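This briefing is for a reader who is meeting the structure for the first time. Look through the sequence and the model, then read the points below.

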Amino acid sequence: MKIWMNGNLVDQSDAKVSVFDHGVLYGDGVFEGIRVYGGRIFQCTAHLDRLFESASLIRLEIAYSAEQLEEAMVDCVEANSLESGYIRLVVTRGPGTLGLDPFKCPQPNVFIIADQLKMYDEEMYQNGMAIILADTVRVSPSMIPSKVKSLNYLNNILAKIEAVDAGVSEAMMLNAAGQVSECTGDNIFLVRDGKVITPPLAASVLPGITRNVVMHLAQRLGYEVRQEAFGIDTVYAADECFLTGTGAEVIAVTSVDGNVMGDGNVGPVTQTLLHAFRALTETDEQIPYDS
Ligand code: PMP
């Protein structure tokens, strides 16, 4: 496998960062996870917008322009003959001293991995998935702005461990105010009385690219879309629940902590949105990123 690293395509075995990199020492850095469908980088502009916003919020300067990074991703996809798969674009703070001070790290590392991706079996898209409600509370935007897709995922990892222990793939997290926030790597949507509802960013939510795309598609299909805070009782009372994410795409949740959603099947609105999403992945259309 070829890795794009600081301007060059190198062999996987030569793609290395220092043990003094603050990305390694402190999880100091930002990243993007991006899909490749049919050789096309899905929603490339939106992902790069989010990356630059994440970086700017932690005062990390990226030495490449969005155009250069797009070109680098294309090169990396081509070098690995990737038709469909996943790109991981990472910017670490770079090597520095053992102290926290990020401004003592003069040279951020930028690297791109383009690899195959195996997420959920098609069976799960047809039948939906069971998830749990995690005890781990989502970090508040006042602790780490939720717009920052940072390299520090321990909060999510702790919730993921709860999911793995419970034998499921995802865990729904509440925020410090007890509102539903998001899952460990996916945003959450409900459908109630034909309305499509998702928590607002203020509920400690990462502005997911898939979330944004699905809100646009739902609107285009004539659904009323609301960004509204809600508690777990609203989840249990909903007709449908589904998750969105680069890896998961659009996937129905059929039970939460053993409480069956709706009639336990993938609901019609979820199905419609999954079809619309899959159709979009076959095009070049870039949905404006306005989360
Ligand atoms: N929330 C979290 C915490 C995530 O890590 C991700 C990305 N895996 C998402 C939501 C979904 O975002 P996107 O649609 O941009 O992949």
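**Salt bridges, domains and ring pairs**

The structure holds eleven salt bridges, a salt bridge being a side-chain nitrogen of Lys or Arg within 4 Å of a carboxyl oxygen of Asp or Glu. The model is predicted, so local features need pLDDT of at least 70 and side-chain atom pairs count only at pLDDT 80 or more, while totals for chains, interfaces and linings use all residues. Residues are numbered from 1 along each chain as its sequence is written, and side-chain values use heavy atoms, with hydrogens and water left out.

- Glu32 and Arg50 form a salt bridge in which the closest N and O atoms are 2.8 Å apart.
- Glu32 is in strand 3 and Arg50 in helix 2, 18 residues apart, and the pair links distant parts of the chain. Helices (H or I, at least four residues) and strands (E, at least two) are DSSP runs, numbered from the N terminus.

**The two domains**

- The domain assignment of the protein chain gives domain 1 (2-115) and domain 2 (122-280); such bounds come from an automatic or database domain assignment.
- Their contact (heavy atoms within 4.5 Å) takes 25 residues from domain 1 and 17 residues from domain 2.
- The C-alpha centres of domain 1 and domain 2 lie 26 Å apart.
- Between them, domain 1 and domain 2 bury about 1700 Å², with 65% of it on carbon and sulfur atoms. Buried area is the accessible area (1.4 Å probe) that two parts lose on being put together, summed over both.

**Across the interface**

- The rule finds one salt bridge across the interface of domain 1 and domain 2.
- Lys147 forms a salt bridge with Glu53, and their closest N and O atoms are 3.2 Å apart.
- On the side of domain 1 that touches domain 2, the elements giving two or more residues are helix 1 (22-26), strand 3 (29-37), helix 2 (44-57) and strand 5 (85-92).
- Strand 3 supplies the largest share of that side, eight residues.

**Aromatic pairs**

- The structure holds five aromatic pairs. Rings of Phe, Tyr and Trp (its six-membered ring) pair if their centres lie within 6.5 Å; planes under 30 degrees apart count as stacked, over 60 as edge-to-face and the rest as tilted.
- Trp4 and Tyr64 form an edge-to-face pair, 5.2 Å centre to centre with 70° between the planes.
- Trp4 lies in strand 1 (residues 2-5) and Tyr64 in the loop between helix 2 and helix 3 (66-79), so this pair ties together parts 60 residues apart in sequence.
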